[in-house]
Amino acid sequence: MALRNIVLEGDEILRKRAREVTEVNDKIRIMLDDMVETMKANHGAGLAAPQVGLFKRMFVAEVDGEIIELINPEILETEGIQEEDEGCLSVPGMIGTVERPAYIKMKGLDRYGQEVVYEGTGFLPIVLSHEYDHLDGILYTDKATNIREADHDGDEDR
Ligand code: CO
């Protein structure tokens, strides 16, 4: 496993639409391992492939201690709205208030190419929709209000 460098806001890599993964193979699994390691090392709650320079539709996240890995994710359903502060590893030191779904149901492939579905309320829809946005070149700062410097209280970035 290896740590990967995180691409920062301003780099056009973050603004491109990532491509579908056509085959879930060992290469992809190594990338996912690296992404999880990089996310953890940077105390993030999520990390999308474009954030480490990979134009692939996949991301990793950690929700309630569980690692989520989703390849070629699709949003099946959303419901309601919640407004929370969020940050991003590609926009270090900042937070902003973003409207996200209150409930989300998302499917994708796991690291073995099997279909998986995640659904829930609370933090899950925030992280999953934030990471999904990265795959379409969207940053939370495009949607946020009140973007400001984060207090250094250990808030997790995504
Ligand atoms: Co982010």
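This is a predicted model: local features need pLDDT of at least 70, side-chain atom pairs count only at pLDDT 80 or more; totals for chains, interfaces and linings use all residues.
Five strands make up an open, antiparallel sheet, and reading across it gives the order S1-S2-S3-S6-S7. The edges belong to S1 (46-48) and S7, and each of these has a single partner strand, so one side of each goes without a neighbour in the sheet. From one strand to the next, the twist averages 40 degrees.

Zooming in on the strand pairs, S3 and S6 run antiparallel and are joined by six bridges. Here Ile 75 sits opposite Met 106 of S6. S6 and S7 are also paired in the antiparallel sense, this time over seven bridges. Along that pair, Leu 109 has Glu 115 of S7 as its bridge partner, and Ile 104 faces Gly 120, again in S7. The two strands S6 and S7 form a hairpin with five residues between them, and in its turn Gly 113 takes a positive phi of about 85 degrees.

There is another hairpin to look at, with S4 joined to S5 through two residues. Strand S4 covers residues 82-88 and strand S5 residues 91-100, and their antiparallel pairing runs over six bridges.

Helix H1, spanning residues 26-41, lies across S1, strand S2 (58-63) and strand S3 (66-79), and runs at about 40 degrees to S2. Helix H2, residues 123-135, packs on the sheet too, with contacts to S1, S2, S3, S6 and S7, while its direction makes about 160 degrees with that of S2.

The loop between S2 and S3 holds Gly 65. Gly 65 is exposed, at a relative accessible area of 61%. Ala 45 is 20 residues from Gly 65 in sequence, and the C-alpha to C-alpha separation of the two is 9.8 Å.

On to the charges: the model has 15 salt bridges. One of them brings together the side chains of Arg 57 and Asp 136, at 3.0 Å from N to O. This pair ties together distant parts of the chain, 79 residues apart: Arg 57 comes from the loop between S1 and S2, and Asp 136 from the loop between H2 and strand S8 (145-149). Arg 57 is buried, at 3% relative accessibility, whereas Asp 136 is partly exposed, at 28%.

Asp 133 and Arg 100 form another salt bridge, with their closest N and O atoms 2.9 Å apart. This one also links distant parts of the chain, connecting Asp 133 in helix H2 to Arg 100 in strand S5 across 33 residues of sequence. Both ends count as buried: Asp 133 has 8% relative accessibility and Arg 100 has 4%.

Glu 115 and Lys 107 are a further pair, their side chains meeting in a salt bridge at 3.9 Å, N to O. Glu 115 is exposed, with 55% relative accessibility, and Lys 107 is partly exposed, with 22%. Elsewhere, salt bridges with shared partners gather Arg 17, Glu 20, Arg 57 and Asp 136 into one network.

His 130 is another residue of helix H2. Its relative accessible area is 2%, so His 130 counts as buried. A polar contact of 2.7 Å connects the side chain of His 130 with that of Glu 86. Leaving out residues up to four places away in sequence, His 130 touches Glu 86, Gly 87, Cys 88, Arg 100, Tyr 140 and Arg 158. Arg 100 in that list is also the salt-bridge partner of Asp 133.

Finally, there is Asp 110, in the loop between strand S6 (103-109) and strand S7 (115-121). Asp 110 is buried yet has no salt bridge, and the nearest side chain of opposite charge, that of Arg 29, is 7.3 Å away. What the side chain of Asp 110 does reach is the backbone nitrogen of Tyr 112, at 2.8 Å. Again leaving out residues up to four places away in sequence, Asp 110 touches Val 24, Glu 69, Ile 71 and Val 116.

Terms used. Residues are numbered from 1 along each chain as its sequence is written. Side-chain values use heavy atoms; hydrogens and water are left out. Helices (H or I, at least four residues) and strands (E, at least two) are DSSP runs, numbered from the N terminus. Buried means under 20% relative accessible area, exposed over 50%, partly exposed in between (1.4 Å probe, protein chains only). Lys and Arg count as positive and Asp and Glu as negative; His and the chain ends are not counted. A salt bridge is a side-chain nitrogen of Lys or Arg within 4 Å of a carboxyl oxygen of Asp or Glu. A polar contact is a pair of N or O atoms within 3.5 Å; within protein, one must be able to donate a hydrogen and the other to accept it, and residues adjacent in sequence count only if both atoms are side-chain atoms. Contact means heavy atoms within 4.5 Å. Two strands pair if DSSP finds at least two bridges between them. Axes are lines fitted to C-alpha atoms, for helices over the stretch in contact, and angles run from 0 to 180 degrees between N-to-C directions.
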